[in-house]
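Here is a guided walk through one protein chain. Keep the sequence and the 3D view side by side as you read.

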Amino acid sequence: MQKNSFFHKVFDLYYDGFRSMRLGRTLWAIILIKLFIIFVVLKIFFFPNFLKQHAKGDEAGFVATELTERAAPD
């Protein structure tokens, strides 16, 4: 990666900023814990795999029938 690239500049900005802070490591730990909670714990408990539970092996067919049944006017 080039030293002048956008991503390198953004990384340097955050790295230097948090390195010079007294609470930098603590803040990064809090950020990582919050991300873990958001993406792992909430996914497991609040977003079950609906398609896997209801499709019974034929995911494409299940989605197709759901789309056609819901799109058909009554």
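At 49% relative accessibility, F50 is partly exposed, because that value falls between the 20% cut-off for buried and the 50% cut-off for exposed. Bear in mind that this is a predicted model.

Start with the overall plan. The chain has four helices and zero strands. Read from the N terminus, its elements run α-α-α-α. The radius of gyration is 23 Å, well over the 11 Å that the globule rule gives for 74 residues, so the chain is more spread out than a compact globule. Along the principal axes, the C-alpha atoms fill a box of roughly 65 × 30 × 25 Å. Buried residues make up 8% of the 74 residues. The chain exposes about 7200 Å². Carbon and sulfur atoms supply 68% of that area.

Helix α1 covers residues 6-19. Two of its residues, F11 and Y15, sit four residues apart, about one turn of the helix. An α-helix has 3.6 residues a turn, so residues three or four places apart point the same way. The structure holds three aromatic pairs. F11 and Y15 form one of them, and this pair is stacked. Their ring centres are 5.6 Å apart, with 15 degrees between the planes. The pair counts as stacked because planes under 30 degrees apart fall in that class. Y15 itself is partly exposed, with a relative accessible area of 44%.

A second aromatic pair brings us back to F50. The rings of F50 and F62 have their centres 6.5 Å apart and their planes at 50 degrees, so this pair is tilted. This pair links distant parts of the chain. F50 belongs to helix α3 (residues 50-55), F62 to helix α4, and they are 12 residues apart.

Next comes helix α2, residues 24-46. How far apart are the end C-alpha atoms of helix α2? They are 31 Å apart. With 23 residues at 1.5 Å a residue, the helix should span 33 Å, which agrees. Helix α2 also has a kink of about 30 degrees, centred on I37. W28 has its place in helix α2 too. At 36% relative accessibility, W28 counts as partly exposed. From W28, step 12 residues along the chain to V40. The C-alpha atoms of W28 and V40 are separated by 18 Å.

Between α3 and α4 there is a loop, and K56 lies in it. Is K56 buried or exposed? K56 is exposed, with a relative accessible area of 72%.

Finish in helix α4, residues 59-71. The structure holds one salt bridge. Which residues form the salt bridge? R70 pairs with E66, and their closest N and O atoms are 3.2 Å apart. R70 and E66 both lie in helix α4, four residues apart, about one turn of the helix. Their surroundings can be read from accessibility. R70 is exposed, with a relative accessible area of 72%. E66 is partly exposed, with a relative accessible area of 24%.

Technical notes:
Residues are numbered from 1 along each chain as its sequence is written. This is a predicted model: local features need pLDDT of at least 70, side-chain atom pairs count only at pLDDT 80 or more; totals for chains, interfaces and linings use all residues. Side-chain values use heavy atoms; hydrogens and water are left out. A salt bridge is a side-chain nitrogen of Lys or Arg within 4 Å of a carboxyl oxygen of Asp or Glu. Buried means under 20% relative accessible area, exposed over 50%, partly exposed in between (1.4 Å probe, protein chains only). Rings of Phe, Tyr and Trp (its six-membered ring) pair if their centres lie within 6.5 Å; planes under 30 degrees apart count as stacked, over 60 as edge-to-face and the rest as tilted. The expected span of a helix is 1.5 Å times one less than its number of residues. The bend at a residue is the angle between axes fitted to the seven residues ending there and the seven starting there. The radius of gyration is taken over C-alpha atoms; the globule rule is 2.2 Å times the number of residues to the power 0.38. Accessible areas come from the Shrake-Rupley method with a 1.4 Å probe; for residues, only the protein chains shown count as cover.
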